[in-house]
Amino acid sequence: MDKDLFMDKIDEWYDNDEHEKIIEAILALPDSCLDDDILGQLAVAYNNVGEFKKAIAVLESQRPRLDGYYKFHYRMGYALYYASMDEECEDNEQLTVNILERAKTEFARCMNLNPPEDYLDDCDMFMEWIEADLNGDEDEEENEDAEMYEEEEMNAVEEHIKEYYGEFPTVLHEIVSPDIHVDICIVPPTDERPYYTLVTMGMGAHIMSIPEELDPEEHGRAELLICLPKDWKIGESDEEWFWPIRLLKTLARLPINCDTWLGWGHSVDNRDPYCNGTGLCGSMLIYPEDAETGSDSCILPNGDAVNFFEVIPIYREEMNFKIEHDTHALLKKMEGIGHIIDVNRPNCCKNDN
């Protein structure tokens, strides 16, 4: 078989909306000819004729080889989204939710792989649809009471994140916001910063209850960030990968829930390890590492400062050392330990009494 001629014929059928012919032609090929290019076209054709379960089956057979390829995750998200409308889902709300959550994960993975602009636009559209499907009018009413930035304030925060941390093609929008609306901006790895940077956007809409001796215009607002290795599976719902996002959202709401404030050097005890396989069970806030001067503060149009702090997960012994001594002492002991999360990093206070 001349593969180039065959693929040209598939393109011709695709342009003419003759997707059944694509399916018939590919299924007639011997197994030895079914490489990932051709199987990908089969999955697309199944999607285009509404055979979403078959598309999912084809794509799952490719996952071991194509996981991490933006087109694969887009095609899988597309198939899952429309599969959620299948008849068997009509009377099974939990099944529908599970399929939509899987679709959301696939679109998030696609967006984090820096796809072309048209793919990003389509992923954004599907993510909005999925969130609308997962929520109802009740959630919209609940969100109305949430504290949020004014439009000009939001624009200032967005531009600050882009200037100092990078463009964020993906935003994990919060579905339910009972108090503040906290989205998570996902800045993908670059040559200059070869790791993910996750930044909250919305925490600073709330002015924290700071000590009387501090100026609320300078210390009353904050946003948080955390840095993850470039091979971190952003968008996965398994707690092994999701806990940094949960941590950011939990910390963002701490000042509201506990009528307190967060600032440089503060530590927060999670009590239990963040996930299986690590002893990291607390967090410390420091000024952003590996960032330009000015990255730690965004000035809003009204003159208020929004302070940016990086979240550093720490061990129980490190937290106790910091409480007994101070943040500077712990940071000195942690010299040589990177700010990018490593769930297996050394415990710098393990042997301290």
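Start by colouring the protein by burial: of its 353 residues, 48% count as buried, where buried means under 20% relative accessible area, exposed means over 50% and partly exposed lies in between, with a 1.4 Å probe and protein chains only. Keep in mind that this is a predicted model, in which local features need pLDDT of at least 70 and side-chain atom pairs count only at pLDDT 80 or more, while totals for chains, interfaces and linings use all residues. Residues are numbered from 1 along each chain as its sequence is written, and side-chain values use heavy atoms, with hydrogens and water left out.

**The whole protein**

Switch to a cartoon view and you will find 14 helices and eight strands; these are DSSP runs numbered from the N terminus, with H or I of at least four residues for helices and E of at least two for strands. Along the principal axes, the C-alpha atoms fill a box of roughly 75 × 50 × 40 Å. Now show contacts, meaning heavy atoms within 4.5 Å. Among those between residues at least 6 apart in sequence, 61% join residues at least 24 apart.

**The aromatic rings**

Now select Phe, Tyr and Trp. Rings (the six-membered one for Trp) pair if their centres lie within 6.5 Å; planes under 30 degrees apart count as stacked, over 60 as edge-to-face and the rest as tilted. The whole structure holds 21 aromatic pairs. Zoom in on tyrosine 81 and tryptophan 129: the ring centres are 6.0 Å apart and the planes are at 35 degrees, so this pair is tilted. Tyrosine 81 belongs to helix α5 (residues 70-83) and tryptophan 129 to helix α8 (residues 117-134), so the pair ties together parts 48 residues apart in sequence. Tyrosine 81 is buried at 5% relative accessibility, whereas tryptophan 129 is partly exposed at 34%.

**The cysteines**

Finish with the cysteine sulfurs. A disulfide is a pair of these atoms within 2.5 Å, and the count here is zero. For cysteine 227, the nearest cysteine sulfur is that of cysteine 185, 13 Å away; cysteine 227 is buried, at 0% relative accessibility. Cysteine 258 has the sulfur of cysteine 281 as its nearest, 18 Å away, and cysteine 258 is partly exposed, with a relative accessible area of 47%.
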